Amino acid sequence: MTREVRLGNLRIGSDAPVSVQTMYDVPLSRLEDKFASRMGVLKAMGCDVMRISYPDVKEHDALAKAVKECPMPVVADIHFDYRNALDSISCGVAGLRINPGNIGARWKTEEVVKACRDAGLAIRIGLNSGSLPENVNNVSKEKLMTDSALEYISWFENLGFYNTVVSLKASDPEATYRAYKLFASESDYPLHLGVTEAGGTVTSCVRTTWTLGRLLSEGIGSTLRYSITGRIEDEVTAGVELLRSLGLRKGGVRIVSCPMCGRKSFDSQSFLSQVQDDILATGKDICVAIMGCQVNGPGEAKGADVAVSGIGRKVYLYRNGEIYKEVSADCAKQELLDLIDTIE
Ligand code: SF4
């Protein structure tokens, strides 16, 4: 078991549940008006930590506002300039993600560590295979990443700082897997898992699930992120689904939907894309089935709390396996959400 790290009120490592992270996809200079509500939805979907890029102290007020409005602990993502890290602490963030390798002189990293120690913040040492020290001895990427992380940890420990999480990400899934395995065999600091620059939704989900699924099954990993060239809502959904598939997270929304085929009398594919985020955002402990026709629709509806299925040219809502109401396809989304709303 790893040691425990505190990120605000969130426990990471030891026997704490594995947490899911994502990273805000809008620059702070254009912080959305809907930021607070979007963060609320992401939290309801199962997100535990929000990382926000902080490239310039000019965005101090925006970061402070984001921290105030975000219902999850915020981690400031810092590169190159240690002064941004120091400034972000006064914005109220719960932790920092830094790569000491791109901060410059060691004393700059040490200034950041001392400030985090005094303010009770966590630090993630975020190493990336694309920005490693010069490989003079031609060692493997995973050994280079592990050795670098262990060296940075020793800097931190010399300053009395132990609230550290480590990530060792590579775009190559196998190198990522080996790096995490190697680090876990040499250290008890908790690991943030991820495959970096993993591509679009499909490729990222395959590469990340294959890599993280094996690690988590072996007891390695305390927190995770899917990196998707796409929606951060999908990153959270993927992370939560992985944990639930492994039995590491219980409860929440479970969506059952058919792949759709030529038999369909109801377009379950476009319906799911319209309604999925709203259903997940309810955060309710329910099963929802979305089915294209009567081949499997009524059967799946029986195992679900609520369901929508096409039968012939009609669309039916189900509640506890029984037909609840016939609705028009145009109204099906709102009718389904209204029905879910009635479930405690
Ligand atoms: S439920 Fe109907 S539409 Fe959906 S995959 Fe099965 S046969 Fe095709």
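**Helix 3 against helix 4**

I began with helix 3 (residues 82–89) and helix 4 (residues 106–119), whose axes come within 9 Å and cross at roughly 10°. For axes I used lines fitted to C-alpha atoms, for helices over the stretch in contact, with angles running from 0 to 180 degrees between N-to-C directions. Helices (H or I, at least four residues) and strands (E, at least two) are DSSP runs, numbered from the N terminus. Helix 3 and helix 4 are therefore roughly parallel to each other; angles under 35 degrees count as roughly parallel, over 145 as roughly antiparallel, 65 to 115 as roughly perpendicular and the rest as oblique.

I then listed the contact, which is made by Tyr82, Ala85, Leu86 and Ile89 of helix 3 and by Lys108, Thr109, Glu111, Val112, Ala115, Cys116 and Ala119 of helix 4. Two residues are in contact if their C-beta atoms, placed from the backbone, lie within 7 Å. By class I noted 8 nonpolar, 1 polar and 2 charged residues in this contact, where Ala, Val, Leu, Ile, Met, Phe, Trp, Tyr, Cys and Pro count as nonpolar, Asp, Glu, Lys and Arg as charged, and the others, Gly among them, as polar.

I keep in mind that this is a predicted model, in which local features need pLDDT of at least 70 and side-chain atom pairs count only at pLDDT 80 or more, while totals for chains, interfaces and linings use all residues. Residues are numbered from 1 along each chain as its sequence is written.

**The two domains**

I looked up the domain assignment, which gives domain 1 (4–245) and domain 2 (254–341); such bounds come from an automatic or database domain assignment. Their centres, taken over C-alpha atoms, are separated by 37 Å, and 5 residues of domain 1 are in contact with 5 residues of domain 2. On the side of domain 1 that touches domain 2, helix 1 (35–45) and helix 8 (232–245) each supply at least two residues, and helix 1 gives the most, with 3 residues.

I followed helix 1 to helix 9, and found that the two pack at an angle of about 75° with their axes 7 Å apart. That makes helix 1 roughly perpendicular to helix 9. Val41, Ala44 and Met45 of helix 1 meet Asp277, Leu280 and Ala281 of helix 9 in this contact, which divides into 5 nonpolar, no polar and 1 charged residues.

I traced an open sheet of 5 strands in the order 11-12-13-14-15, with mixed pairing; two strands pair if DSSP finds at least two bridges between them. Its edge strands are strand 11 (254–257) and strand 15 (322–327), each pairing on one side only. Strand 14 (residues 314–319) and strand 15 run antiparallel and are joined by 5 bridges, and Tyr318 has Ile323 in strand 15 as its bridge partner. Helix 9 (residues 268–281) packs on this sheet, touching strand 11 and strand 12 (287–291).

I also found an open sheet of 8 strands, with parallel pairing and the order 8-7-6-5-4-3-10-9. Strand 8 (164–169) and strand 9 (192–193) are its edge strands.

**The ligand**

Last, I checked the shell around the ligand, and its residues include Cys258, Cys261, Arg263, Lys264 and Cys293. I noted that the shell divides into 7 nonpolar, 3 polar and 2 charged residues.

Notes:
A residue is near a molecule or strand if its C-beta atom, placed from the backbone, lies within 6 Å of it.
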